[in-house]
Amino acid sequence: MPLLIMPRSIMPRSIMPRSIMPLLMTVILSFLLVACDAQQGNPRGLAAPQINAAENNPGGESSVSYKPFASFQLPAANIANGLRPDFHAGKALANQPWVKAPTITFARDGLGPIYNARTCLTCHIKGGKGFIPADNKTPLTSTLVRLSILPEFSTLDAIEKTKKLKVSGNIPHSVYGDQIQSQSISLAHQLRHSQKPGVLKHDVAPEAYIHINWQEKVFTYPDQSQVSLRYPDLDFKYLGYGDINDGAVFSIRVAPMIHGMGLISLISDEDILALSDDNDSNQDGISGRPNQVWNVETKRTELGRFGLKANKPTLEMIVAGAFTNDLGITNSLEPHQPCTKLQPTCLNMPDGNDEEGVELPDHLLTLVVNFNRNLAPVKRREPNNPAVLTGRDLFYQSGCHQCHNPSFTTQKSSEFPHLSQQIIWPYSDFLLHDMGTDLADGRADFLATGNEWRTPPLWGIGLLSQVNGMSTLLHDGRARSVEEAILWHGGEAELAKNRFVVLEKQDRERLIKFVNSL
């Protein structure tokens, strides 16, 4: 469809205020989208499919009721009774606060020396999202900051760079590694609330205290209603091991919800890869692609499906990595402390290693992995509400489903039969998508570029605030609602966002109500 542009000579500057231009362009673009879809018979397949009764149970037979509901820490509804004791043992370990070594007990020592949290569920609060401060008065705790060095700034030789990129997905900072640990076992750190930071001498210093200065901007809809959007500006204080030099890139990572991970692990690679369209061959503007990442157990490259950039292939690696990098608790999959070679005091602190040379033996690691594996998705709320049903139609018509793929069927599993062959509704394709410059962190991770993120599952999103009061969305927690999250979409999601933007306010609210029902 041709776009007629009025010559500049007959468009006086005085009748086109600069403040109106973004609004005008949104209206024009939206008109073109609607017109082209109609002219071409809606080739993108944006019509909502017939309602499937299975949609009401996102985890299939494993789904649990939301009445009563207080957390995302419930076991799968169909889990065998024989597996329940191990589930609760794993839950206890995930809630257990670890202490520094040495102590009289071997079961819970080895914390740190530098770390981010004392327990697994300090970050995944009640199985939900992590906490991110609303102002710059409180430092980050359960929210992480990843960092790495851009290859062109690295002093490593070509062979070492290649090795790091193959196994780690990026080049860690030589001093601070690939994650800032903001806490330590130092007495000076433990007394930080009663003493001014920096007054007492550390034996092993935290790497930094990190605060966020939130910046605000206003988004205006075509109907003139407005939404305030915020974005973070990091503020590093009391760097423990020297300055962070040029070439470092940072990325805030709010801990995600963790239910349904066992079901995700049983989606076949083929089903995920079938949704990829790296070159956008169907010309729908969506070119989701898989991340290929290193598996430390199999010693080979495999499909990534977990993590905000799909940088982990298995549930085991997710849990093992969190134990070591977030708690400083080493294990067979991640046997090295997060201290780097340029932090000798940290490396020389006492550890809680057992005879196998790790702080968390395999049988305890397995308990926590299976606790995560068996956390159940929650049944939908008000699926037959007229506003929700209308919102469902609008969700598809806006094209949200092109990345938030509604459903999969899990593979057959003799080891986990209760998770086997279930029709599940996570609303994700588990692929990487370019989300535009506003959400870019500039930090590559294996094949993921600095603009790309894995599509996050939507199941349970409407219960976030009820679970722990934290309904912050997107990788860095900038979005305080589903609406704000949508308005930050760009890149491949720009067309879907613009379809949402031009809806009438009541229809926007209906679409959001549908998402919150999932």
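User: Is His 418 buried or exposed, and how do I read that?

Analyst: Buried means under 20% relative accessible area, exposed over 50%, and partly exposed in between, using a 1.4 Å probe and protein chains only. His 418 has a relative accessible area of 6%, so it is buried. A word on the source: this is a predicted model, where local features need pLDDT of at least 70, side-chain atom pairs count only at pLDDT 80 or more, and totals for chains, interfaces and linings use all residues. Residues are numbered from 1 along each chain as its sequence is written, and side-chain values use heavy atoms, with hydrogens and water left out.

User: Where does His 418 lie, and which residues does His 418 touch?

Analyst: Helices (H or I, at least four residues) and strands (E, at least two) are DSSP runs, numbered from the N terminus. His 418 sits in the loop between strand S9 (408-409) and strand S10 (423-424). Contact means heavy atoms within 4.5 Å. Leaving aside residues up to four places away in sequence, His 418 touches Ala 76, Asn 78, Ile 79, Leu 83 and Asn 374.

User: Happy with that. Which cysteines does a disulfide join?

Analyst: A disulfide is a covalent bond between the sulfur atoms of two cysteines. Here the test is a pair of cysteine sulfur atoms within 2.5 Å. Searching the whole structure gives one disulfide: Cys 339 is joined to Cys 346, S to S 1.9 Å. This link is left-handed, with -45 degrees about the S-S bond. Both ends are buried, Cys 339 at a relative accessible area of 8% and Cys 346 at 1%.

User: Last one: at what angle do helices H7 and H9 pack?

Analyst: Axes are lines fitted to C-alpha atoms, for helices over the stretch in contact, and angles run from 0 to 180 degrees between N-to-C directions. Helix H7 (residues 315-327) packs against helix H9 (residues 362-373) at an angle of about 120 degrees, with the axes 9 Å apart. In H7, Leu 315, Glu 316, Val 319, Ala 320 and Phe 323 meet Leu 365, Val 368, Val 369, Asn 372 and Arg 373 in H9.
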